[in-house]
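User: I have a structure open and would like to talk it through. Could we take it piece by piece?

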Amino acid sequence: MKKIYIPALLLLALAAASCGNPSEKGKTADGAVSTALPAAKISVYTAGRQTVPQTETYSSTVKAWAVNNIAPQTGSRIQKINVDVGSFVGAGQVLAEMDRIQLDQQKLQLANLETELGRLRQLYQEGGVSQSDFEAAELQYNVAKSTVKNLEENTILRSPINGVVSARNYDRGDMYTMGQPIFTVQQITPVKLLVGVSETDYTKVHKGQTASISADALPGRTFSGTVNRIYPTMDAASHTFNVEIRVDNSDRALRPGMYAKVTLSFGDNLSVVVPDEAVVKQMGSGQRFVFTVQPDSTVRSNAVTLGRHFGTSYEILSGVSEGETVAVEGASALKDGAKVQIVERQ
């Protein structure tokens, strides 16, 4: 086959023809091609000051005010069970009785010692026995009396508090083996809740301060509580300190183990407020930004310090001033210095 050669000058001419002239669209006034991006459409909000309630809500679990495990000091057979799980008991009420053999023997010995002590006291007053003999007999009697008292406390088991029996681990006739307690009694009037409060609010919490409590198990009900105790140390890892909330719980509606939310109020602040949609999180960091609109229709990113989040708004502690115009809708797609076009918020 015969080869065809095309001159180099002809190739250059063809290339120039194929490129053609740039389209008139996208040219600037002097004929140059424009590379400017179209203005981003945003809605705006004028930052203003509002009264911001300084409230904080914490998750917690309802706890009994006091928990007592009822059991004797030594192993013994259970002769009688008087209550069961769920029984409400009063302080001093007999819950169970153990084998009485030791107690009865000690009571008999005490009665004999009391009789002997009375006889020696009469002789001592008449000079029939020495003071040392009388004091030795008196000491023996007092020791026996204390032993009887201790045996009574460990034979006839009473509740030390007003509360509800939350556990019973033995039946009548069982041998108590000093493992689990026979009963667990919990005081639920009142109850308490522990919340971890941030160290930034340490100076705002005081004893007697009121709190609002709600429980998921009791929808629609709100309980009033007070700060009963402020723990003196802080957790080095979480930078929080524990606050104990006391709730009277007179109707016994709150029960230990319930999940609850505790709301504490620290007063009000007059602060700059912006819609939460205006706050943009920087990717890869915890820094938050708000874009403010400049006179030349561009935006500037401002690092902000956030306060309380309430409703659909954020309290701004620093970074945005009162009266500044901030980008709302479309803010998440902006970059510093971007050109913007303001439209009405939908």
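Analyst: We can go through the chain as a whole, then its sheets, pockets and a few single residues.

User: What kind of model is it, and how are the residues numbered?

Analyst: This is a predicted model, in which local features need pLDDT of at least 70 and side-chain atom pairs count only at pLDDT 80 or more, while totals for chains, interfaces and linings use all residues. Residues are numbered from 1 along each chain as its sequence is written, and side-chain values use heavy atoms, with hydrogens and water left out.

User: How many helices and strands does the protein chain have?

Analyst: The protein chain has three helices and 21 strands, where helices (H or I, at least four residues) and strands (E, at least two) are DSSP runs numbered from the N terminus. Of its 346 residues, 31% count as buried, buried being under 20% relative accessible area, exposed over 50% and partly exposed in between, with a 1.4 Å probe and protein chains only. Among contacts in the protein chain with a separation of 6 or more, 72% are between residues 24 or more positions apart; contact means heavy atoms within 4.5 Å.

User: What is the strand order in the open sheet of four strands?

Analyst: The order is β8-β7-β5-β10, with antiparallel pairing, and two strands count as paired if DSSP finds at least two bridges between them. The edges are taken by β8 (156-158) and β10 (175-176), and since each has a single partner strand, one side of each is left without a neighbour in the sheet.

User: And how many bridges hold β7 and β8 together?

Analyst: Strand β7, residues 94-98, pairs with β8 in the antiparallel sense over three bridges, and Val94 stands opposite Arg158 in β8. Helix α3 (residues 131-155) lies across β7 and β8 and runs at about 70 degrees to β8; here axes are lines fitted to C-alpha atoms, for helices over the stretch in contact, and angles run from 0 to 180 degrees between N-to-C directions.

User: Switching to pockets, what is the volume of the largest pocket?

Analyst: The largest pocket has a volume of about 210 Å³. Of the 14 residues that line it, the closest to its centre are Thr74, Ser76, Gln102, Leu151 and Thr155. On a 1 Å grid over the protein atoms alone, a pocket is an open set of points with protein on both sides within 12 Å along at least five of seven lines, where a 1.4 Å probe fits, and lining residues have an atom within 4 Å of a point. Grid points are joined across faces, edges and corners, and a volume is the space filled by probe spheres set on the points.

User: Which element gives the most to that lining of the largest pocket?

Analyst: Helix α3 gives the most, with four residues, and α2 and α3 each supply at least two. By class, the lining of the largest pocket has five nonpolar, eight polar and one charged residues, with Ala, Val, Leu, Ile, Met, Phe, Trp, Tyr, Cys and Pro counted as nonpolar, Asp, Glu, Lys and Arg as charged, and the others, Gly among them, as polar.

User: What about the second largest pocket, which residues line it?

Analyst: The second largest pocket holds about 160 Å³ of space, and its lining includes Asn68, Ala71, Asn154, Leu157 and Arg158. The elements giving two or more residues to this lining are β4 (63-70), α3 and β8.

User: Where does Ala71 lie, and which residues does it touch?

Analyst: Ala71 lies in the loop between β4 and β5 (76-81) and is partly exposed, with a relative accessible area of 30%. Leaving aside neighbours within four places in sequence, Ala71 is in contact with Asn154, Leu157, Tyr176, Pro181 and Ile182. The C-alpha atoms of Ala71 and Leu157, 86 residues apart along the chain, are separated by 7.3 Å.

User: Is Gln106 buried or exposed?

Analyst: Gln106 is buried, because its relative accessible area is 15%. It lies in helix α2 (residues 101-125), and beyond neighbours within four places in sequence, Gln106 is in contact with Ala144, Thr147, Val148 and Leu151.
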